[in-house]
Amino acid sequence: MANLLNYLNDKVWGFGLVLLVLLTGLYYSIRMGFPQIRRFKLLVKSSTSSTTSEKGLNQVQSFILTAARTVGVGNIAGMATGIHFGGPGAIFWLWILAIVGSPIAMIEGILAQCYKKEVNGEFRGGPAYYMESGFKNKKIGHYFAMFYAIVGVFAVTLLMPGVQTYNIAKGINIAFGFKMISIGLVFTIVLGIIIIGGLKRIGKVAQRISPIMAIAYFLMSLVVIFFNIEKLPATFALIFKSAFGKDAIFGAIMGQSIIWGIKRGVFANEVGVGSSAITSASAEVTHPVTQGMIGGLSVFMGTFFICTTSSLMMIITNSYNTVDKAGNMIVEYLPGLEYGNPYVINAINSVFPGIGEAFIAISVLCFSSVALLAYYLYAESDLIFLVREKKTPILILKIIFIISVFIGCISSVDTVWTMGDMAHGLMAWINVFTIIFIGNQAVKIFKDYENEEKHGKLPVFNPEKLGLKDVAEIWENNEYSSKNN
């Protein structure tokens, strides 16, 4: 089974997908005038404004839930995994993905808002919805949408939860000695109660848990780096040299560095996967571009505040091992230690002995809990697209998802990471191709937004003026326009 999963994952994750994501991100960066840099102030402003919403998440909740997927186990254990298989150079390619890939997240957010639907009193949407409505050829759009929704339900329900719950259980097991199966049972029951509460409860839980722990983790990373500050220039030099094959030790794995840097970035920040667009669609905002900016900022937050500090503190304290493509150790600073959270724990313990285990256990518990809530939202939204307002399939999904969460606690580290990466890769192939075909609609909306700003107007989304059809009813009725004026 493990060999089959690895074979399939290698086929999904090759240079083809890496180039597809990078070139698409670069193309739209140029088309939109690099808004991730030029309009950074707008990114921040869009994510901090908040209005009460009765049908979805408000802007702050949407940002937190979106950012929670970019501040999670992918930023902690994920960075350790990236360094283990790709060396320090993988971090450089992670930065590249964040910079050129941010406009992809913006386009996903804009399209998700443009084509969202109201189902059972709550907003739903995402790639399947903008695929079905955004293609000029409705038959092609329908096929794309059905394919993505089916893959999405399968991937998010069965392949993705394991990596989160494994790291939760493993962290608590290392820190406090509880059996992983017992941890899994308790955690699964609590998560099930939250999921049954619906979208509003998910948003409220995310809003309370994620920000405090993210700040605490970021500060801990900075302290570890500060205590080794004299090594920081050499650490950056190693990252850059390794990324381009110029380091004597890591030069032979330059190809791995590129693939693992992009792979870890896609996992941590969901660039191109489309799943964060489902969160984007569930929000109630005054203009689609506002949600696009929230998505763009989330990518930056996850990469440059959490992924980077995680990586730096591991590299700067030599808290990692690295293997070549055949699995042979080329650097072994931590003999016999499992890759993942133990690398981060070792980095923290190098400065604060005995603190790392408990700190990482609590951090991962908070981050992964919110990530799993987001996963369920993704799976439910895709299933609703397939079955519409039927409630029985949703109940079945809840049960299967909760079982999948538990199974992750008793799986192996290699299996859960392989399954998680394969899920992200499968969805990225479908979604990025879609972005290539219909992303220009989002560019048109964004440019219209900026044009109204230049003329001193409060930007109002008018789909008829832009020639857009089949948009969400709320935009056709100009409900938000009346709120703005």
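How many cavities of 30 Å³ or more does a search of the whole structure find? Please describe the largest cavity and what lines it.

Reply: This is a predicted model, in which local features need pLDDT of at least 70, side-chain atom pairs count only at pLDDT 80 or more, and totals for chains, interfaces and linings use all residues. Residues are numbered from 1 along each chain as its sequence is written, and side-chain values use heavy atoms, with hydrogens and water left out.

The search finds three cavities of 30 Å³ or more. A cavity is a set of points, on a 1 Å grid over the protein atoms alone, where a 1.4 Å probe fits but cannot get out. Grid points are joined across faces, edges and corners, and a volume is the space filled by probe spheres set on the points. The largest cavity holds about 40 Å³ of space.

Its lining residues (those with an atom within 4 Å of a point) are Gly78, Met79, Gly82, Ile83, Ala90, Ile91, Leu94, Trp260, Gly261 and Arg264.

By type, six of the lining residues are nonpolar, three are polar and one is charged. Here Ala, Val, Leu, Ile, Met, Phe, Trp, Tyr, Cys and Pro count as nonpolar, Asp, Glu, Lys and Arg as charged, and the others, Gly among them, as polar.

Methods:
1 Å grid on protein atoms, 1.4 Å probe; cavity = no way out; pocket = protein on both sides within 12 Å on 5 of 7 lines; lining within 4 Å.
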